[in-house]
Amino acid sequence: MSQHFLLSSKAKTLRLADVLRLSDAEAEMAFRKIRWHQTAGESVCPHCGGLDAYLNPRPNKTTRYRCKACRKDFTITSGTLFASHKRPLRDYLAAIAIFCNEVKGKSALAISRDLGLAYKSAFVLLHKLREAMAEEMKGRVVGGEGKTAEIDGGYFGGYVKPANHRENRVDRRLAHNQSGKRRAVVIIRERDGKSLPAVFRSEGAALSWIKSRIAKGTVVNADEGKSWNDLHSRYEMKRINHEEAYSADGACTNMAEEFFSRMRRAEIGHHHHIAGTYLLRYAQEASWREDNRRVANGDQARTVAALAMGRGPSVDFGGYWQRHIKSALPA
Ligand SMILES: [Zn+2]
């Protein structure tokens, strides 16, 4: 029997112990090589693009640069997802390593213990890493001629706790007894390709999004749910009735189901409640983990760090504990 990828030595190229041993200068250099890879780690001014800067340390001795061209100050994280960072850079690398080493997810409480962070700081940090992962999915269109994709939907959130006494319990299947917070996560997954999730009020509301994100000519696999019938006019469809079989005549949605399996385990095992504002971020995390499940942990960590350093400051969170409710909803 061949060895599972995650058990092989190829899967393990980064050790947390090595990250935690980095000096401040080594951690800074690791980030410099990622952020300023085009100049082999030499600083590039985020204000004017100037290549000539000198060290202008803060009074507390932490590293800061001053651009000779525009005279403005910047640090290695200025204008990135980790802008105005408060912790040593090593902690951010460690957080990325820990986050990537988990295959289903990492609870904010657990990472707050690992790194000695306040719970809220850990929560925000993990959501910034999810934002970094989501960066890869911007504008993604999958499929095309000769390609096959699978779609499926799953419902998350809006749980209504049953009352203690039986006479006080309500029928939670009825719309007026529901919380109104339940949402459908819909996944598009190309076979041997990439995936893409989004959040809607129902599966049926996802149709125009699906049409914009799966290229024409793709063979689309879906279950027997009526919501998907409208897609027959645009794609060659293969339908699978799960009451009869999980795979028949080449039709199945097993890859899409795998995504939901991972996301459901993250919900049950790590997060307990993934609903509302941040549901999309958890879905994007599960999607990224699916797409990168056969990538070595060192490469995963480098990719997440590069995504975090290659984009602007967080849209979900400013430099402090603050919600921007609209920004976390799908566009
Ligand atoms: Zn400058």
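Author: Start with strand β7. Glutamate 150 stands opposite asparagine 221 in β7. This is a predicted model: local features need pLDDT of at least 70, side-chain atom pairs count only at pLDDT 80 or more, and totals for chains, interfaces and linings use all residues. Residues are numbered from 1 along each chain as its sequence is written, and side-chain values use heavy atoms, with hydrogens and water left out.

Reader: What makes β4 and β7 a pair?

Author: Two strands pair if DSSP finds at least two bridges between them. Strands are DSSP runs of E, at least two residues, and helices are runs of H or I, at least four, numbered from the N terminus. Three bridges join β4 (residues 148–156) to β7, and the two run parallel. Therefore they meet the pairing rule of at least two bridges.

Reader: Which strand pairs with β7 over five bridges?

Author: That is β8 (residues 236–240), also in the parallel sense. Here valine 220 stands opposite methionine 237 in β8.

Reader: How covered is β7?

Author: Five of its five residues, 219–223, are buried. Val219, Asn221 and Asp223 lie on one side, Val220 and Ala222 on the other.

Reader: Why is the zinc site called tetrahedral?

Author: Four donors count as tetrahedral if all angles lie between 85 and 135 degrees. The angles around this zinc ion are 102 to 115°, so the arrangement is tetrahedral.

Reader: Which atoms are the donors?

Author: The SG atoms of Cys45, Cys48, Cys67 and Cys70, at 2.3 to 2.4 Å. Donors are N, O and S atoms within 2.8 Å of the metal (3.2 Å for Na, K and Ca); water is not among the atoms, so sites may look incomplete. The spacing along the chain is C-x2-C-x18-C-x2-C. Cysteine 45, in the loop between α2 (24–35) and β1 (53–55), and cysteine 70, in the loop between β2 (65–67) and β3 (73–74), are 25 residues apart.

Reader: Why is cysteine 45 called buried?

Author: Buried means under 20% relative accessible area, exposed over 50%, partly exposed in between (1.4 Å probe, protein chains only). Cysteine 45 has 3%, so it is buried.

Reader: Why does cysteine 70 count as partly exposed?

Author: Cysteine 70 has 26% relative accessibility, so it counts as partly exposed.

Reader: How do you know that phenylalanine 31 is buried?

Author: Its relative accessible area is 0%, so phenylalanine 31 is buried. This residue is found in helix α2.

Reader: What does phenylalanine 31 touch?

Author: Not counting residues up to four places away in sequence, phenylalanine 31 touches Ile76, Phe82, Leu89, Tyr92, Leu93 and Met309. Contact means heavy atoms within 4.5 Å.

How values were computed
Four donors count as tetrahedral if all angles lie between 85 and 135 degrees; four count as square planar and six as octahedral if opposite donors are over 155 degrees apart and all others between 65 and 115; anything else is irregular.
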